[in-house]
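Reader: Before the labels are used, I would like to see what each one rests on. Please set the values against the definitions.

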Amino acid sequence: MDWYLWLIIAVAAAVVIFLAILIIRALAFKPKGEQTTIAAFEECDENKAISDLAEMIRCKTVSDTDESKEDDAEFEKFEKLLPRLFPEVHRVCAFEKLGRRSLLFHWKGRDSSVSRVLMAHYDVVSVEQSLWSKPAFDAVIEDCVLWGRGTLDTKGTLNGVLQAAEQLIKEGFVPQNDVYFAFSGNEETNGDGAPTIVRYFKKKGIRPALVCDEGGAVVEKVFPGVSQPCALIGIAEKGICNVRFSVDGKGGHASAPPPHTAVGTLSRACAKVEDHPFPAHLSKPAMEMFDVLGRRSTFVYRLIFANLWLFKGLLNKICKKSGGELNALMRTTVAFTQMSGSKGMNVLPPYAEMLANLRIMCGESVESAREYLKKTIDDDSIRIDVVYGADPSNISETRGEAWEMMKRAVSETWPDALVSPYLMLACSDSRHYGEISDHVYRFSAMALSKEERGTIHGNDERIPLEKIVRCVAFYLRLMRQF
């Protein structure tokens, strides 16, 4: 019987050693040493920054996929506003309007062999005014908060860029390298504003050393076990795909229905997809985020993130059950958003359709996502058509001068925040710049609460006045490095 005892001892010893390895790895999974920078105070004209943004908000630059519904006069009003608000920028920078909605400023530096691009868009999404507490385009200022569509997305950052440039030019600052300010007026409709500018850069042979657009922000309580604010800089963004599922029915009176109507068939397909999510995939942006923020987490989460080779399955189960942003960082997501069938409540549908919005993980594609849906549904009676699709963006570098410039400007503006790479879940104009740059970063220069983030494309979009000023300070610090 001695060999049984030795077997038990050996197994117990192996378990102890295994657990010890996990714990040691977790204990060693500590923040990497980083040099602390002391930021110089950046002063700007606060009243001008606030009043200028208010004037921008009063321009109703609502874009629509049906361009006939847009008010061109409001877009022209916005474009004519800029020379008045930023006369120094227009005096020093060469300006070109490319196409219908692409505004490009070129601030020539001492050395034109290197170029950098700061982006924003000046179109906004539509408003259901009855659901707003304040008029969406009146730019009401109340209790130190500016209300209005576009304050966050993204006239606020456009204002920050031009305020900083205006001030630096007045100071006599000349950048070492060329700087471009690239603003599009149809980002919300996936228009050709940004692609037009990218084509211009390609024609000129310009490959930007840094591109900064909207994206992550300074946020709190978004990563498990981390109590500090997190400044998330998007180094890539997921792809997007709108899919239509359709099926034909026989129609007829609802009093004698078949076992499954067209709507029932689609409902069963919907349930299959929701019950069988896309496989988890740890992309480079997510892995880098887990590495940076996981080291700042509580011990239990450090145990998981330090040993993902073992706990990836557990993390996957947690994400699938909880949904939300952490789950979206792990896989391609599917959100069913619309369904239609018969026009009569007692009429069997001769045709039914439902639509879903997919956000596609890095390493996958529109076509691979479509094939997964087809395989999961496994019903030849259902047609699966891509209405619109764009593959995930390229992944930008997190080493080198461009990344360090971004980190430094963020850290100096929000000293308490942990700066981390991030996979952007939504889409932006910056995805087009992956053709010409390996240094495309997505960061909205604001600290945003969960409630404030919820107003983007929602109701009561607004920004505290202090955050308008701090946005300018960020761009001042970033541009001084150019």
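Author: Two strands pair if DSSP finds at least two bridges between them. The model is a predicted one. In it, 2 bridges join S4 to strand S5 (residues 145-147), so the pair meets the cut-off of at least two bridges. The two strands run antiparallel.

Reader: What makes S4 and S15 the edge strands?

Author: The sheet is open, has 3 strands in the order S4-S5-S15, and its pairing is antiparallel. Strand S4 (141-142) and strand S15 (462-464) each pair on one side only.

Reader: Which helices lie across S4, S5 and S15?

Author: Helix H2 (residues 46-57) lies across these strands, running at about 15° to S5. H15 also lies across S4, S5 and S15, and runs at about 75° to S15.

Reader: What makes the contact between H13 and H15?

Author: On H13 the residues are Met-405, Met-406, Ala-409, Val-410, Glu-412 and Thr-413. On H15 they are Arg-470, Ala-473, Phe-474, Arg-477 and Leu-478. By class, this contact has 7 nonpolar, 1 polar and 3 charged residues.

Reader: How do you know that S3 pairs with S6 and with S7?

Author: The cut-off is again at least two bridges. Strand S3 (residues 111-121) is joined to strand S6 (residues 177-184) by 8 bridges, and the two run parallel. Between S3 and strand S7 (residues 210-219) there are 3 bridges, also in the parallel sense. Both counts meet the cut-off, so S3 pairs with S6 and with S7. Val-117 stands opposite Tyr-180 in S6, while the bridge partner of Arg-116 in S7 is Leu-210.

Reader: Does Ala-40 count as buried or exposed, and why?

Author: Exposed means over 50% relative accessible area. Ala-40 has 53% relative accessibility, so Ala-40 counts as exposed. Ala-40 is found in the loop between helix H1 (2-28) and H2.

Reader: How many residues apart along the chain are Ala-40 and Glu-74?

Author: They are 34 residues apart along the chain, and their C-alpha atoms are separated by 39 Å.

Conventions:
Residues are numbered from 1 along each chain as its sequence is written. This is a predicted model: local features need pLDDT of at least 70, side-chain atom pairs count only at pLDDT 80 or more; totals for chains, interfaces and linings use all residues. Side-chain values use heavy atoms; hydrogens and water are left out. Contact means heavy atoms within 4.5 Å. Helices (H or I, at least four residues) and strands (E, at least two) are DSSP runs, numbered from the N terminus. Ala, Val, Leu, Ile, Met, Phe, Trp, Tyr, Cys and Pro count as nonpolar, Asp, Glu, Lys and Arg as charged, and the others, Gly among them, as polar. Axes are lines fitted to C-alpha atoms, for helices over the stretch in contact, and angles run from 0 to 180 degrees between N-to-C directions. Buried means under 20% relative accessible area, exposed over 50%, partly exposed in between (1.4 Å probe, protein chains only).
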